[in-house]
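Here are my notes for you to read with the model open beside them. Take the points one at a time and find each residue as you go.

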Amino acid sequence: MKIEVDNHKLMYHPERVAEWKEKGDCPPVYVEIGPTNRCNHECMFCALDYLEHGGADIDSKILTKNLENMAKQGVKSVMFAGEGEPFLHKDTPLFIKTAKENGMDVSVTSNGVPFTNKKAEQCMPYLSWIRFSVDAGTSKTYAEVHGTKKEDFEKVLNNIKYAVDVKRKNNLNTTIGVQALLTNKSLDELILLANTVKEIGVDNLQIKPYSHHPASKNDLSFDYNEAEKLRKPLESLNDEKFQTIYRTQTIKRLSQEREYKDCYGLSFFTLIDSSGNVVPCNLFYNNQKFTYGNLYEKNFSDIWASEKRKEIIQKIKKRGVDDCRVGCRLDVGNRYLERLKNPHPHDNFI
């Protein structure tokens, strides 16, 4: 199955988009959840390096109750990621199982080091996909990029191997992916990484551009023309079992002007942080002025329908998108929704 990651998927949810067009809002399709703000790595590219990390784990009863509530609200998928490493929360396997048993599709992004054999066995049957951030082809560069010890490189590769074994032994449909960020540090090791993870048996490797978060302390932007020479050699590794996904369109959009003035995508997406705050996107972590509500005080569906959320959406609309993260998760969907709001003269000529 060819994986689509360089485009939006709102066209596959016409009923939800139609509701948004009619009412100006709708229940979200997708929610990203951070079970903890603790992390075992200090990645040089971390977009959330301005936040304090450590000490906040979401209450398990609160989250499991709200996962059930979210499913009833109409949420179709959740991804566990957030401000920290999701598998450092002891109950992330429980959250994954609960979400799936309530009818939502579930995914995880992880650095993979805490993804032990036991967790692989607990989680893999319930996951649509899992993606491991590796970002280098050698232990030396990996340690530098991830801000950790060299031994973690072999540990994460072994954990990925075990996940592949669990998938094969149990005939699971879970897609196992690896991602690597394009940076000057790891550029020369991406082909080595691709060959390594292909041999392990993962389904895909995503090559992603760096996108600077406006509040982040780091800035690793560079000329992506330097990386273009790698695209064809990486894609030459593709076959029926393995796909290299070079994010060409995402790279192009980093230098394109936004074609929209409002972030329409906020109706289809939201974040929940490790303290239970429901926020519009990762631009507003740790910002109470732009927090819809907190799961310790109200359940998810009540927060989504609240006047406070409506007021914050209007504040964001007034604020505009000029200071938003370039190439953010909602960018391509916003371009599509802008076209629906303001159709071109020839759009009816199918």
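The points below move from the ground rules to a strand, a helix and a few single residues.

1. Ground rules. This is a predicted model, in which local features need pLDDT of at least 70 and side-chain atom pairs count only at pLDDT 80 or more, while totals for chains, interfaces and linings use all residues. Residues are numbered from 1 along each chain as its sequence is written, and side-chain values use heavy atoms, with hydrogens and water left out.

2. Strand β1. Begin with residues 30-33, which form β1; helices (H or I, at least four residues) and strands (E, at least two) are DSSP runs, numbered from the N terminus. Tyr 30 and Glu 32 on one side are buried, and so are Val 31 and Ile 33 on the other. Buried means under 20% relative accessible area, exposed over 50%, and partly exposed in between (1.4 Å probe, protein chains only).

3. Its partners. Which strands pair with β1? One is β2 (residues 77-80), parallel to β1 over four bridges, with Ile 33 opposite Phe 80. Another is β8 (residues 269-272), also parallel and joined by four bridges; here Tyr 30 stands opposite Phe 269. Pairing requires that DSSP finds at least two bridges between the strands.

4. Helix α2. Residues 60-73 form α2, which makes a right-handed β-α-β unit with β1 and β2. Right-handed means that, with the strands pointing away from the viewer, the path from the first strand over the helix to the second runs clockwise. Asp 59 caps the N-terminal end of α2, with a side-chain oxygen 3.1 Å from the backbone nitrogen of Lys 61. Just after the helix, Gly 74 has a positive phi of about 115 degrees.

5. The covered side of α2. Its buried residues include Ile 62, Leu 63, Asn 66, Leu 67 and Met 70. An α-helix has 3.6 residues a turn, so residues three or four places apart point the same way. Among the elements covering the buried residues of α2 are β1, β2 and β8.

6. Ser 107. This residue lies in β3 (residues 105-110) and is buried at 4% relative accessible area. Beyond neighbours within four places in sequence, Ser 107 is in contact (heavy atoms within 4.5 Å) with Val 78, Met 79, Phe 80, Leu 127 and Trp 129.

7. Asp 135 has phi near 70 degrees, and Asn 286 about 60 degrees. Is each one buried or exposed? Asp 135 is buried, at 2%, whereas Asn 286 is exposed, at 68%.

Key: A polar contact is a pair of N or O atoms within 3.5 Å; within protein, one must be able to donate a hydrogen and the other to accept it, and residues adjacent in sequence count only if both atoms are side-chain atoms.
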